[in-house]
Amino acid sequence: MAAKRDQAARMPAVRGALTEKEPLATFIWFRTGGPADWMFRPEDVEDLSAFLTELDPDVPVMPVGVGSNMIVRSGGVPGVTVRLSKAFAKIAVDGMRVRCGGAAMGITVASAARDAGIAGLEFLRGIPGTAGGAVRMNAGAYGSEVADFLIEATVVRRSGAVETLPADELGFRYRHSNLQDGDVVVEAVFEGRPGDPVEIGRRMDEIQAQREASQPTRTQTGGSTFKNPDGQKAWQLVDAAGCRGLIVGGAQVSEKHTNFLINTGNATGDDIEALGEEVRARVKSDSGIELEWEIERVGRRK
């Protein structure tokens with residue numbers, strides 16, 4: 001008990017909410033995994049910056065959005081997990097540009113662009129996460145990715161410094177940016193092109209219909225599990241290796257789309273990761289191709 005009080009005493013003062021042993025399985029899409037040692041929901045950018053400035057630099061920091069592309073291991077997440085509040089979800093339109101907070105959902109950004117007659121951002125309708133997470137991993141879908149439309153992003157560094165970076169300084173490549181561990185994207189600015197709101201809406205509806213038809217959207221799942229190798233589709237390699245429907249513990253390779261893993265009801269985060277590793281091993285044996293994880297795996301193993 002004394003150790004807990006000492007640890008709490010070492011945490012910087014905040015204006016937002018700072019809680020200990022916060023469950024992550026309540027919102028992570030897989031609905032499983034251990035708790036965050038500490039969860040911080042900052043009130044605003046200044047609150048986040050001040051907290052990170054004062055936080056012991058040896059304490060790890062992990063930003064999380066809605067956990068749509070994340071496996072949380074059973075031992076929980078060390079250090080501080082930062083989850084942006086609704087105050088970071090505001091959206092404003094200026095000409096062909098959409099400025100959005102890091103907590104704004106992709107569908108909300110796409111809808112704001114549609115209503116303003118801004119084309120190009122429809123693909124965000126198919127990304128079930130936040131703008132901040134999309135920037136961090138250069139998320140993409142249906143032929144477009146963040147790098148195609150991002151103008152700049154505002155980031156609170158692990159050091160507490162607040163920086164606004166042009167897109168060309170983010171080092172974008174396939175499902176990757178050069179943002180470092182502990183950096184938190186608090187705002188993003190996208191630029192599209194003039195378009196007809198009706199046509200934009202129709203394209204968004206098509207994207208949603210395709211997603212519903214091809215992905216296990218109504219199950220406890222995450223995003224795409226593995227990156228597509230050059231000239232290959234990950235799901236085809238997984239299927240060819242005989243992994244469709246493969247089960248480890250309570251985790252299963254989706255029958256509907258083999259680049260998705262699902263929690264059948266009682267999976268642990270470790271079950272899901274172990275299943276992914278088994279799939280990687282079978283694909284390597286079958287095709288000689290070593291699949292790279294796309295989904296983020298965080299926390300301690302038990």
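Predicted model: local features only at pLDDT ≥ 70, side-chain atom pairs only at ≥ 80, totals over all residues.

Q: Why is S224 called partly exposed?
A: The relative accessibility of S224 is 25%.

Q: Which residues does S224 contact, leaving aside its neighbours within four places in sequence?
A: S224 is in contact with N69, N259, F260, E294 and I295, once neighbours within four places in sequence are left aside. Contact here requires heavy atoms within 4.5 Å.

Q: What does the UniProt record say about S224?
A: The unreviewed UniProt entry places the feature "active site" at R175, S224 and E294. These residues are spread over 120 residues of sequence, yet they cluster in space, with a largest C-alpha distance of 10.9 Å.

Q: Where is R175 found, and why is R175 called buried?
A: R175 is found in the loop between strand 12 (162-166) and strand 13 (184-191). Its relative accessible area is 15%. Buried means under 20%, so R175 is buried.

Q: What does R175 contact, leaving aside its neighbours within four places in sequence?
A: With neighbours within four places in sequence left aside, R175 is in contact with M137, N138, A139, G140, A141, E145, K227 and E294. The side chain of R175 reaches the backbone oxygen of N138 at 3.3 Å.

Q: What makes the pairing of the R175 and E145 side chains a polar contact?
A: The distance is 3.5 Å. A polar contact needs N or O atoms within 3.5 Å, one able to donate a hydrogen and the other to accept it; the side chains of R175 and E145 are therefore joined by a polar contact.

Q: Is Q215 buried or exposed?
A: Q215, in the loop between helix 5 and strand 15, has a relative accessible area of 16%. Buried means under 20%, so Q215 is buried. Not counting residues up to four places away in sequence, Q215 touches Y142, K256, H257 and F260.

Q: Why is helix 3 called roughly antiparallel to helix 5?
A: Helix 3 (residues 106-115) and helix 5 (residues 197-214) pack at an angle of about 155°, with their axes 8 Å apart. Angles over 145 degrees count as roughly antiparallel, so helix 3 is roughly antiparallel to helix 5.

Q: Which residues make the contact of helix 3 with helix 5?
A: Helix 3 contributes A110, S111 and R114, and helix 5 contributes P197, I200, G201 and M204. By class, this contact has four nonpolar, two polar and one charged residues.

Q: How far apart are T53 and R158 in sequence and in space?
A: T53, found in helix 2 (residues 45-54), is 105 residues from R158 in sequence, with 7.7 Å between their C-alpha atoms in space. Leaving aside neighbours within four places in sequence, T53 is in contact with S159 and G160.

Key
Residues numbered from 1 in each chain as written. Heavy atoms only, no water. Axes fitted to C-alpha atoms, helices over the stretch in contact; angles between N-to-C directions. Helix = DSSP H or I, 4+ residues; strand = E, 2+ residues; numbered from the N terminus. Parallel < 35°, antiparallel > 145°, perpendicular 65-115°, else oblique. Nonpolar A, V, L, I, M, F, W, Y, C, P; charged D, E, K, R; others polar. UniProt positions renumbered as here; feature names shortened; annotations may be inferred. Buried < 20%, exposed > 50% of the residue type's maximum accessible area, 1.4 Å probe, protein only.
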